[in-house]
Amino acid sequence: MIKKRLSALFLLLAACLAVFFYVSDNSLPQGAPPYDVVFDDVVDVNEFSWINHWTRPVGPPRVGLQVGHWKNDELPDELAHLHGNTGASGGGKAEWEVNLAIAELTKTILVQRGIEVDILPATIPPSYWADAFVAIHADGNLDSRINGYKIAASWRDMTKKANTVIEFVGKEYQQSTGLIEDPEITTNMRGYYAFSWWRRLHAVHPMTPSIILETGFLTSPLDRRIIVNKPELAAQGLANGLINYLESESLL
Ligand SMILES: [Zn+2]
C-alpha cells in the first residue's frame with residue numbers, strides 16, 4: 001500500500017516537473033540578444049561631464065554595423081559571461097550567418113553613397129564612435145508562428161538621436177521587407193551589452209547614436225522568406241533608413 005502511494009506520488013512529481021520544464025522552456029527568449037545591464041546602474045555625471053563639450057570628429061559620415069554573435073568566442077574577459085550566447089538558429093542557418101549577410105549587403109549600399117562603414121563582430125572596439133551604430137540580430141522562438149521585426153534604442157542614450165534613427169530605419173525597413181513590427185521591446189534589447197559605455201571598455205562611445213535591430217524571427221518561415229532568402233530587401237530597408245537619417249543630420 002505504502003509502496004503504491006509512493007509510486008503514485010513519484011509519478012505526480014514527475015508530471016509536475018515535466019509541465020514545469022515544458023512551460024519554462026517555451027518561455028525562453030531563445031533569440032534574445034546578450035544583455036549587460038543593471039537597470040539601477042547609476043552613472044557618475046561628473047565623470048562624464050566632458051560629454052557636454054564633445055564635438056563630432058571631422059570627416060565623412062561613419063556607420064557601424066555589428067554582426068550579432070559573430071566571433072562570439074573572441075569576446076574579451078570583461079564580456080566572458082556572454083561566451084555561450086550564440087543566438088538563434090533556423091532554416092539551416094546560425095544567426096550570425098544571417099546577420100553577416102545583411103550587414104555586408106547594407107555596407108555595399110552605404111559605401112556607394114560615400115559613407116564609411118565598419119562591419120564589427122560581437123566584440124566592438126573600445127569606446128567605438130560612429131554617426132550611427134546598428135547591432136544586427138535575428139530573433140528566435142519555439143513557436144514558429146511568432147514573427148516580426150523589433151527595433152530599440154539604448155536605454156541610456158546621451159546623443160538623444162537614437163530615437164530618430166529608429167524612426168527612419170523602422171519606416172524604411174518595414175516598407176522594404178513587408179514584415180510586421182513586433183512591438184514587444186525587451187529589456188535585453190535596451191540593455192544590450194554593446195551600449196554599456198559607462199561600465200565597459202568594449203562598448204559604444206557615449207556619443208554614438210545606437211540601436212538594435214532584430215531583423216525578424218529565424219524560427220518563423222514567414223520571416224525567413226526575407227531574412228534568409230532575400231537579405232537584400234532587409235539590407236535595402238536598413239540602408240535607406242540610415243541614409244535618410246544621415247541626410248536629416250546634414251551629414252550627406
Ligand atoms: Zn541575436
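Is Glu247 buried, exposed or partly exposed, and what is its relative accessible area? In this predicted model, Glu247 is partly exposed, at 37% relative accessible area.

The side chain of Glu247 forms a salt bridge with that of Arg113, with an N to O distance of 3.1 Å. Glu247 belongs to helix H6 (residues 231–248). Arg113 sits in the loop between helix H2 (95–112) and strand S4 (116–120). The pair therefore ties together parts that lie 134 residues apart in sequence. Arg113 is also partly exposed, with a relative accessibility of 40%.

A second salt bridge joins the side chains of Asp139 and Lys150, at 3.0 Å from N to O. Asp139 lies in strand S5 (residues 132–139), and Lys150 in strand S6 (residues 150–153). The two residues are 11 apart, and the pair links distant parts of the chain. Both Asp139 and Lys150 are buried. Each thus falls under the 20% cut-off for relative accessible area.

Arg145 and Asp143 also meet through their side chains in a salt bridge, 2.9 Å from N to O. Arg145 is exposed, because its relative accessibility of 67% is over the 50% cut-off. Asp143 is partly exposed, at 24% relative accessible area. Elsewhere, Arg62, Glu116 and Asp118 form one network, joined by salt bridges that share partners.

In total, the model holds eight salt bridges. Among them are Glu247 with Arg113, Asp139 with Lys150, and Arg145 with Asp143.

Technical notes
Residues numbered from 1 in each chain as written. Predicted model: local features only at pLDDT ≥ 70, side-chain atom pairs only at ≥ 80, totals over all residues. Heavy atoms only, no water. Salt bridge = Lys/Arg side-chain N within 4 Å of Asp/Glu carboxyl O. Helix = DSSP H or I, 4+ residues; strand = E, 2+ residues; numbered from the N terminus. Buried < 20%, exposed > 50% of the residue type's maximum accessible area, 1.4 Å probe, protein only.
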